[in-house]
Amino acid sequence: MIAKPAAGVPLLRLGFRPFFLGAALFAVLAAGLWAAAYAGWLGGLAPRGSWLTWHMHEMPFGFAVAVIAGFLLTAVQAWTGSPGLRGRWLAAVFALWLAARIGWLWPGLPWPVLVALELAFLPAVAVRVGWQLGRVGQRRNYPLVALLVLLTLTDALALGALAAGDFEWLRRALWAALWLIGTVIAIVGGRVIPLFTASGLQLPAPIAPRRWLEALAHGGLPLFAGLALAGAGLAPDRRLAPLFLLLGIAHAVRLARWFRPGVLRVPLLWSLHLAYAWLVLALLGLAAWHLGLPILGSAALHLFTIGTIGGLILAMMARVSLGHTGRALQPPALMSLAFGAVAVAAAVRAGLAGVAPRLAVAVSAALWCLGFGLFVWCYAPMLSRPRVDGGAG
C-alpha cells in the first residue's frame, strides 16, 4: 500500500507537480525567446553557442525530458505500490534540471559545471525509477529506464559536438534524441490512449494490443535514432522512404484501432488522438521528403516536435494533473483552446515553412505560448495546492 503523507510543501509531494509546472513555464519562455531571436529582436544577447543551437537542444533536453521525468517519477508509484520521490530529494532533482536551464542562458557559467549539471539530471531520474522498479521486480518498465540512459548518452554527444563546434554531429545527436523521445511516446501512448479512451467513454475494456503491431511501432523509432547517429536520414535518401512509410502506416493502424466516435466529444481524449495523428502525418511527410517530393524535411519534423511531442505532452499533463490532485477528469474550459492552439501551431509551422518562414515561426510560437500559457494559468493553482480529497501526491 502507498503511504498517505500529507505534510510538506504541496508542490514537492510528487514528481508531476514541479516538473509539469516547470516544463510548461519553460515551454513559454523557450518559444518566446526563440521567436524573438529569430526575428532579430534580441540584438547581441545570446545563450551559450547560439540561439539556434540553444533552441535545438533545449526543446528536447530542457522541455520534453522534464515532462518525461515528472511522468515517470509519478507513474512509478502506481506501478510499484511504493511512494514516489517527494520532499527535499524531489527538490534536489528538480534543482538539477532548473540549474542546467539557467546555465544555458548564462554564458558565464563554466562549461564543466554546465556539463555536470546537464548530464546529472536524467541519470538521477533513471536511478530512482530503476530502483523502485527493481525492488518489486517490475521488469515491464525497464525499457523506459533504458531510454533515459540512451537520452543521456545522446545529450553527452550533443554537448561534445557543441564544444568541438561540430554542427553535423550536433544535428545527429539531437535528431536521435527526438526519435528516442518519440519511442517514449509510442510506449506510453500505446498504454494510456486506449486505456483513457475506454475509461473516458465508459467502454467495457480498452482494445487489446496486437503484439506484432506494438513491436513494429516501438521498434521503428529507436531504429531511426540509430540511423540519425550514423548520419542517415538527415538529408533526402530514397532508400529510407519505405521505412518511414511503413512506420507511418503502422502508427495509423494503431491509432485507428484506438479511435471511437465518442472521442470527439471529450477534450481530454481528442487532444491525445490528435497529437498522435501528427506522428502519422510527420512520418508520412518524411517519407515524401525522402522520395524527393516538394515538402521540406523541417516541416515534417515540426509536425512531430510541435504536434506530437508538444500536443501529447500538453494533453497528458492536463489529464494526469487532474487525476493526481483528486479532481474529476474534466479540464477547465480554456484547455480546449490550449489543445487547439498547439495543434494549429504545428500546422502553421509546417504549412508556412517554405513560403513565409519568419511568419511561420512567429505565429506558431505565439500559438504554442498561448497553449502552454493557458495550462499554467489553469493548472498552477492545482499543482501548488494539496489534493482536494486529502490524499497523498
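Start with the salt bridges: this predicted model has seven of them.

Select Glu-214 and Arg-254. Their side chains form a salt bridge with an N to O distance of 2.6 Å. Glu-214 belongs to helix α7 (residues 211–229) and Arg-254 to helix α8 (residues 241–258), so the pair ties together parts 40 residues apart in sequence. Both residues are buried.

Next, select Arg-387 and Asp-389, a salt bridge whose closest N and O atoms are 2.7 Å apart. Arg-387 is buried at 17% relative accessibility, while Asp-389 is partly exposed at 44%.

Then show Glu-58, Arg-101 and Glu-118, which are linked in a network of salt bridges.

Move to Glu-168 and Arg-171, whose salt bridge is 3.9 Å, N to O. The two are three residues apart in helix α6, so about one helical turn separates them. Glu-168 is partly exposed, at 32% relative accessibility.

The crossing of α6 past α9 is left-handed. Among the contact residues are Trp-175, Trp-179 and Phe-196 of α6, and His-273, Tyr-276 and Trp-289 of α9. The contact of α6 with α9 comprises 12 nonpolar residues, three polar and no charged ones.

Finish with the cysteines. The whole structure contains zero disulfides. Cys-369 is buried at 18% relative accessible area, and Cys-378 is buried at 11%.

Definitions and conventions:
Residues numbered from 1 in each chain as written. Predicted model: local features only at pLDDT ≥ 70, side-chain atom pairs only at ≥ 80, totals over all residues. Heavy atoms only, no water. Left-handed = near helix turned anticlockwise from the far one by under 90°. Helix = DSSP H or I, 4+ residues; strand = E, 2+ residues; numbered from the N terminus. Contact = heavy atoms within 4.5 Å. Nonpolar A, V, L, I, M, F, W, Y, C, P; charged D, E, K, R; others polar. Disulfide = S-S within 2.5 Å. Buried < 20%, exposed > 50% of the residue type's maximum accessible area, 1.4 Å probe, protein only. Salt bridge = Lys/Arg side-chain N within 4 Å of Asp/Glu carboxyl O.
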